[in-house]
Amino acid sequence: IGLNYLAHVMAKSCPNRHLTVTRAFTFLFQYAHLRQQGQESYYNLGRAFHQLSLLQLAHFCYEKVLTMDPPARSENSGDMDLKREAAFNLSLIYTASGAHALARKIVRDYIVF
């Protein structure tokens, strides 16, 4: 539900963006709480902040994903390690800010085998 609110915020037809963003993050934070604030929760929050160009908050969430242990895998679990995805998005933030050396380091440490 929170991601649908964010999609609506990005449309030019959204009449009250502040209220819609508040509603989106209410759902996203509730989801994070229910999922015990794991990798997936921080990644989704980071993506939401990144989409709204709140790069400092997105940076914090992506860094948190990189420091967390991967979720325990089971046969029926759809959980996966999101470190590569978070590292890629973090490298985009670094590249956009001109920190190319940091972007290369993140890619080298987490993405390249």
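**A walk through the chain**

Guide: Let's start at Lys-105, which is partly exposed, with a relative accessible area of 41%. Buried means under 20% relative accessible area, exposed over 50%, and partly exposed in between, with a 1.4 Å probe and protein chains only. One caution: this is a predicted model, where local features need pLDDT of at least 70 and side-chain atom pairs count only at pLDDT 80 or more, while totals for chains, interfaces and linings use all residues. Residues are numbered from 1 along each chain as its sequence is written, and side-chain values use heavy atoms, with hydrogens and water left out.

Visitor: Where does Lys-105 lie?
Guide: Lys-105 is in helix H6. Its C-alpha atom is 9.8 Å from that of Ala-87, 18 residues away along the chain.

Visitor: And how far apart are the C-alpha atoms of Gly-98 and Met-80?
Guide: They are separated by 30 Å, and these two are 18 residues apart along the chain. Gly-98 sits in the loop between helix H5 (83-97) and helix H6 (100-110). Gly-98 is partly exposed, at 47% relative accessibility.

Visitor: Back up a bit. How many helices and strands are in the chain?
Guide: Six helices and zero strands. The pattern along the sequence reads α-α-α-α-α-α. Both kinds of element are DSSP runs, numbered from the N terminus: helices are H or I with at least four residues, strands are E with at least two.

Visitor: What box do the C-alpha atoms fill?
Guide: Roughly 45 × 40 × 15 Å, taken along the principal axes.

Visitor: What share of the residues is buried?
Guide: Buried residues make up 31% of the 113 in the chain. The chain exposes about 7500 Å², and carbon and sulfur atoms supply 57% of that. Those areas come from the Shrake-Rupley method with a 1.4 Å probe; for residues, only the protein chains shown count as cover.

Visitor: OK, the inside. Which residues have the most contacts inside the largest nonpolar core?
Guide: Phe-25, Leu-45 and Tyr-62, in a core of 24 residues. H2, H3, helix H4 (55-67), H5 and H6 each give two or more residues to this core. A nonpolar core is a set of buried Ala, Val, Leu, Ile, Met, Phe, Trp, Tyr and Cys residues joined through side-chain atoms within 4.5 Å.

Visitor: What does Phe-25 touch?
Guide: Leu-6, Leu-45, Ala-48, Phe-49 and Leu-52, not counting residues up to four places away in sequence. Contact means heavy atoms within 4.5 Å. Phe-25 is buried, at 9% relative accessibility.

Visitor: What about the ring pair of Phe-25 and Phe-49?
Guide: It is stacked, at 4.8 Å centre to centre and 15° between the planes. Phe-25 lies in helix H2 and Phe-49 in helix H3 (residues 39-51), so the pair ties together parts that are 24 residues apart in sequence. Rings of Phe, Tyr and Trp (its six-membered ring) pair if their centres lie within 6.5 Å; planes under 30 degrees apart count as stacked, over 60 as edge-to-face and the rest as tilted.

Visitor: How many aromatic pairs does that rule give?
Guide: Four. In one of them, the rings of Phe-25 and Phe-29 have centres 6.0 Å apart and planes at 40°, so this pair is tilted. Phe-25 and Phe-29 are both in helix H2 (residues 17-34), four residues apart, about one turn of the helix. Phe-29 is partly exposed, with a relative accessible area of 44%. Ring pairs link Phe-25, Phe-29 and Phe-49 into a cluster.

Visitor: New topic. Is Asn-89 buried or exposed?
Guide: Asn-89 is buried, with a relative accessible area of 8%. This residue lies in helix H5. Leaving aside neighbours within four places in sequence, Asn-89 is in contact with Tyr-43, Arg-47, His-50 and Tyr-62.

Visitor: And where is Thr-20?
Guide: In helix H2. Thr-20 is buried too, at 7% relative accessibility. Neighbours within four places aside, Thr-20 is in contact with Tyr-5, His-8, Val-9 and Cys-14.

Visitor: Last one. What is the phi of Ser-53?
Guide: Near 65°, a positive value in a residue other than glycine. Ser-53 is in the loop between H3 and H4, and is exposed, with a relative accessible area of 54%.
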